[in-house]
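Let's take a walk through this structure together. Keep the picture handy as you read.

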Amino acid sequence: MNRLDDKVALITGGARGQGASEAELFVNAGAQVVITDVLDSEGRATAERLGDACEFLHHDVASEDDWKSVVETIVRLHGRLDILVNNAGIFRMAGLVETSLEMWQQMIDINQTGVFLGMRTAAPAMQANGSGSIINISSIAGMKSASLAHAYSASKWAVRGMSKSAAVELAPSGVRVNSVHPGIIDTNMLEEFGSVRDRIESRIPLGRVASAEEVGKLVLFLASDDSSYCTGQEFVVDGAMTA
């Protein structure tokens with residue numbers, strides 16, 4: 001309890017699904033949470049449901065200006081930024097030949113460039129405090145092949161590498177960076193699997209998909225001081241799919 005007392009957290013893609021679950025866990029752990037998303041009505045509803053410790057800001061993670069505005073607003077209102085969860089992302093099923101340039105670029109803009117902009121914009125605020133935790137949500141598609149999700153896989157492998165690079169660079173200033181690699185999680189993204197969903201789920205050794213909260217509890221650990229010596233690492237939560 002109260003593992004995040006006096007900490008200010010920013011969670012992107014927080015309107016629903018995994019981001020909203022993370023926000024609820026963070027609020028219950030004592031944090032002041034800012035969730036951001038392009039889904040304004042859902043984002044406002046989530047913030048209202050979570051109470052005074054949570055607020056919503058509109059935010060396109062692929063926009064450099066939006067990142068600057070969001071971080072400046074948080075620091076102005078709360079005086080600091082301690083935690084960044086780069087959770088926002090999209091998933092589209094398409095193999096190499098079926099992936100259009102438009103699909104590729106959209107996936108890279110949101111899943112990869114959004115993480116880069118987030119780390120670059122948030123890091124100075126954390127460095128000023130001499131501490132901070134950045135958690136980048138990747139995927140098991142960033143750990144192993146994902147032949148039916150070419151652009152998605154490319155973006156998530158990039159997040160894995162970017163996290164390691166940033167971890168080494170930011171460590172001397174007390175800022176930690178880790179990546180989280182979920183497997184099959186019960187969120188809206190499951191709809192993208194379509195007709196192959198049952199076949200993919202049958203490959204999970206634990207025999208079930210994970211809840212968003214099961215991922216969120218790992219993110220909470222990495223956000224808290226309980227993980228104070230963890231940085232530059234991949235944390236997999238996949239029911240043994242990559243074992």
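A salt bridge here is a side-chain nitrogen of Lys or Arg within 4 Å of a carboxyl oxygen of Asp or Glu. By that rule, the count comes to nine salt bridges. One of them joins the side chains of Asp 226 and Arg 3, at 2.9 Å from N to O. Asp 226 sits in the loop between H7 and E7 and Arg 3 in the segment before strand E1 (8-12), so the pair ties together parts 223 residues apart in sequence. (Helices, H or I with at least four residues, and strands, E with at least two, are DSSP runs numbered from the N terminus.)

Before going on, a word about the source: this is a predicted model, where local features need pLDDT of at least 70, side-chain atom pairs count only at pLDDT 80 or more, and totals for chains, interfaces and linings use all residues. Residues are numbered from 1 along each chain as its sequence is written, and side-chain values use heavy atoms, with hydrogens and water left out.

Now look at the sheet.

Glu 234 has another with Lys 164, at 3.4 Å. Shared partners join Arg 160, Lys 164 and Glu 234 into one network.
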